[in-house]
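Let us walk through this model, from its helices to its core and then to its aromatic rings.

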Amino acid sequence: ITGRDMARIYIGAGRNAGIRPQDLVGAIANEAGVAGALIGAIQIADRFSIVEVPDDVATQVIKALGKATIRGKKVRIAPDKGR
């Protein structure tokens, strides 16, 4: 998707927690109602993940995921500071 400003969201779970890209896309699509096609790059590190979503839905995604669980775990969700 070109021409959209993307926001990076920090998710406090990664490879060590068994997180896969489809887990993150599923959580964002199901909990925040954001179409999977709108989700940008996904980076999964050992202890955290970074997901790009359109700027205009970033707050909605953070709020929705803050109440949700990913692979059965509550995880910390925050705007990524590494912009």
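Helices (H or I, at least four residues) and strands (E, at least two) are DSSP runs, numbered from the N terminus. Axes are lines fitted to C-alpha atoms, for helices over the stretch in contact, and angles run from 0 to 180 degrees between N-to-C directions. The model is predicted: local features need pLDDT of at least 70, side-chain atom pairs count only at pLDDT 80 or more, and totals for chains, interfaces and linings use all residues. Residues are numbered from 1 along each chain as its sequence is written, and side-chain values use heavy atoms, without hydrogens and water.

Start with the helices. Helix α1 (residues 21–32) packs against helix α2 (residues 55–67) at about 95°, with the axes 9 Å apart. That makes α1 roughly perpendicular to α2 (65 to 115 degrees). From α1, A27, I28, E31 and A32 make the contact (heavy atoms within 4.5 Å); from α2, Q60, V61, A64 and L65 do.

Now the core. A nonpolar core is a set of buried (under 20% relative accessible area, 1.4 Å probe, protein chains only) Ala, Val, Leu, Ile, Met, Phe, Trp, Tyr and Cys residues joined through side-chain atoms within 4.5 Å. The largest has 23 residues, and I9, I11, I28, V53 and V61 touch the most other members. Its largest share, six residues, comes from α2. Beyond neighbours within four places in sequence, V61 contacts I9, I28, A32, V34 and V53.

Last, the rings. The whole structure holds one aromatic pair (Phe, Tyr or Trp rings, six-membered for Trp, with centres within 6.5 Å; stacked if the planes are under 30 degrees apart). Y10 and F48 are stacked, 5.7 Å centre to centre, with 20° between the planes.

Definitions and conventions. Angles under 35 degrees count as roughly parallel, over 145 as roughly antiparallel, 65 to 115 as roughly perpendicular and the rest as oblique. Buried means under 20% relative accessible area, exposed over 50%, partly exposed in between (1.4 Å probe, protein chains only). Rings of Phe, Tyr and Trp (its six-membered ring) pair if their centres lie within 6.5 Å; planes under 30 degrees apart count as stacked, over 60 as edge-to-face and the rest as tilted.
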